[in-house]
Amino acid sequence: MKLTFKPYTLNLKHQFTLAKSSRSTTPVVLTKIEHDQYTGYGEASMPPYLGESHETVTHFLQKVNLKQFKDPFQLEKILDYVNSIAPGNPAAKASVDIALHDLIGKIMNRPWYQIWGLSKEKTPPTTYTIGIDNEEVIRKKVKEAEPYKILKIKLGRDNDRAIIETIRSITDKPIAVDINQGWKNRDMALDMIYWLKEQNTLFVEQPLPQKMTNDLTWLTSKSPLPIIADEGVQGISDVVKAKDVYHGINIKLMKCGGMRNAREMISIARALNMQVMLGCMTETSCAVSAAAHLAPAVDFADLDGNLLISNDPYKGVEVIKGKALPTEKPGIGIELIDKRFFS
Ligand code: MG
């Protein structure tokens, strides 16, 4: 098998503002694994706060030697090898994992949700993210979000109530909120969560900094809404530790190293009776499509990353009746539409 890769920069349609950062581009690395007449595509997306970059991913992928493997169906062996090259680097590892899954699905001529035996109709509707912004921009974004059934609102600065009041003056759609660790006080957080519940909110993502474990445990025991870990849970080994600290976990391929690990995290969370959300970074349709195959197995989907960018070289996952669904094409179900890549 042959692995090739290419750094690329995604342009965001809107400046993306969270509790602690603001940006208008996201670096990614697009990967490709070739075997016989088949080609599998993958992707690493590296939002700056997670510590990976074009340089680190390139450095990691240069060390990956897939020529030693002749059989893509040795998935466990191949991914264990990739994992053993260096610790960390989850997005770089995900870019190999996704391309390998795509390749295998193409050889089997089946989409992954079918290989896993999942039912597409169980897919929950995807949320559509509205970043922190001024009232005028928020109004515009809510209008753009017309096809989506649930809005995910970024909070965690000093204007949270004003943002929610603006949203509620335009739409009564259910919302989810993501604080991105922006609140610092558990009593204030609990008051806000009670108020948000009155505003038809479905769940609260990462209300306090991940290091405030005792306060998060207290909040989770008292909160009338599900508390979901995002920054507080990265990979497989974090799931057990999240029990009782949160009600649920937000799994992202770029945090956990790809489709294989994400599926394992869902199983562990279910065994612990925890809720599961499936999220993404700003990514192309490649990584978002890969995640969409797992969506029938989760409670909440937040798969809008490809919708927030203006230069997606792939076509794949589509939003139908508010759900982000993979295509019926084999593998992860994508098509390269910008042939400048990998030519
Ligand atoms: Mg989040």
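**Exercise 1. The contact between the domains**

Determine how many salt bridges there are between domain 1 and domain 2, and describe the interface around them.

Solution. Between domain 1 and domain 2 the count is two salt bridges, in a model that is predicted. To place the interface on the chain, take domain 1 as residues 2-113 and domain 2 as residues 119-336; the contact draws 45 residues from domain 1 and 51 residues from domain 2. Putting the two domains together buries about 3,800 Å², with carbon and sulfur atoms giving 59% of that area. For the polar part, 24 residue pairs are found in polar contact across the interface of domain 1 and domain 2. On the side of domain 1 that touches domain 2, strands E1 (2-17), E2 (22-35) and E3 (38-45) and helices H2 (75-84), H3 (90-108) and H4 (112-115) each supply at least two residues, and the residues of that side divide into 21 nonpolar, twelve polar and twelve charged.

**Exercise 2. The magnesium site**

Identify which protein donors hold the magnesium ion, and explain which parts of the chain are tied together by Asp178 and Asp230.

Solution. Begin with the donors, which are Asp178 (OD), Glu205 (OE) and Asp230 (OD), lying 2.1 to 2.2 Å from the magnesium ion. Read along the chain, these donors follow the spacing D-x26-E-x24-D. Next, locate the two aspartates: Asp178 lies in strand E6 (residues 175-178), whereas Asp230 lies in the loop between strand E8 (227-229) and helix H9 (239-242), so the pair ties together parts that are 52 residues apart in sequence.

**Exercise 3. A salt bridge in detail**

State which side chain meets that of Arg260 in a salt bridge.

Solution. The partner is Glu76, with 2.5 Å from N to O.

How values were computed: Residues are numbered from 1 along each chain as its sequence is written. This is a predicted model: local features need pLDDT of at least 70, side-chain atom pairs count only at pLDDT 80 or more; totals for chains, interfaces and linings use all residues. Side-chain values use heavy atoms; hydrogens and water are left out. Domain bounds come from an automatic or database domain assignment. Contact means heavy atoms within 4.5 Å. Buried area is the accessible area (1.4 Å probe) that two parts lose on being put together, summed over both. A salt bridge is a side-chain nitrogen of Lys or Arg within 4 Å of a carboxyl oxygen of Asp or Glu. A polar contact is a pair of N or O atoms within 3.5 Å; within protein, one must be able to donate a hydrogen and the other to accept it, and residues adjacent in sequence count only if both atoms are side-chain atoms. Helices (H or I, at least four residues) and strands (E, at least two) are DSSP runs, numbered from the N terminus. Ala, Val, Leu, Ile, Met, Phe, Trp, Tyr, Cys and Pro count as nonpolar, Asp, Glu, Lys and Arg as charged, and the others, Gly among them, as polar. Donors are N, O and S atoms within 2.8 Å of the metal (3.2 Å for Na, K and Ca); water is not among the atoms, so sites may look incomplete.
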